[in-house]
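This report covers one protein model.

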Amino acid sequence: MSKVIDKFDIDCNKPFRDKPKECPHCQCPDIHEVEILGAYNGALMWECDYCHKFLLRFTKRTTEKHLQKAKSLLIDVSNWEELWEQLPN
Ligand SMILES: [Zn+2]
């Protein structure tokens, strides 16, 4: 079974409990919160505005667990990208 988390571009396995001051990949300071409706109330991940890599807030295992909750609310998981792009910053 494929994991929902694999749909996100995550290179760094280190969780950042608080929003990182800069991206560990490109050192860009512009990081925004990624909130996924139905998965977690608040930031579930971070995303770099520059390189668009996702950064973990929780361990991959915990993040996947939250994502699985939202999965049941959605008919087609391939629409996820649209879902988070529609969320206001
Ligand atoms: Zn970056």
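This is a predicted model: local features need pLDDT of at least 70, side-chain atom pairs count only at pLDDT 80 or more; totals for chains, interfaces and linings use all residues.

In soluble globular proteins, nonpolar side chains tend to be buried together.

When neighbours within four places in sequence are left aside, Leu55 is in contact with Cys12, Phe16, Pro20, Met45 and Trp46.

## Overall layout

The protein contains three strands and two helices. Read from the N terminus, the order of elements is β-β-β-α-α.

The protein has 89 residues, of which 19% are buried. Among contacts with a separation of 6 or more, 54% are between residues 24 or more positions apart.

## Glu35 and its loop

Where does Glu35 lie? Glu35 is in the loop between β1 (31–34) and β2 (45–48). Eleven residues along the chain from Glu35 is Trp46, and the C-alpha atoms of the two are separated by 8.6 Å. Trp46 is also among the contacts of Leu55.

Why does Glu35 count as partly exposed? Glu35 has 16 C-beta neighbours inside 10 Å. A residue needs 20 or more to be buried and 12 or fewer to be exposed, so Glu35, with 16, counts as partly exposed.

Technical notes
Residues are numbered from 1 along each chain as its sequence is written. Helices (H or I, at least four residues) and strands (E, at least two) are DSSP runs, numbered from the N terminus. Two residues are in contact if their C-beta atoms, placed from the backbone, lie within 7 Å.
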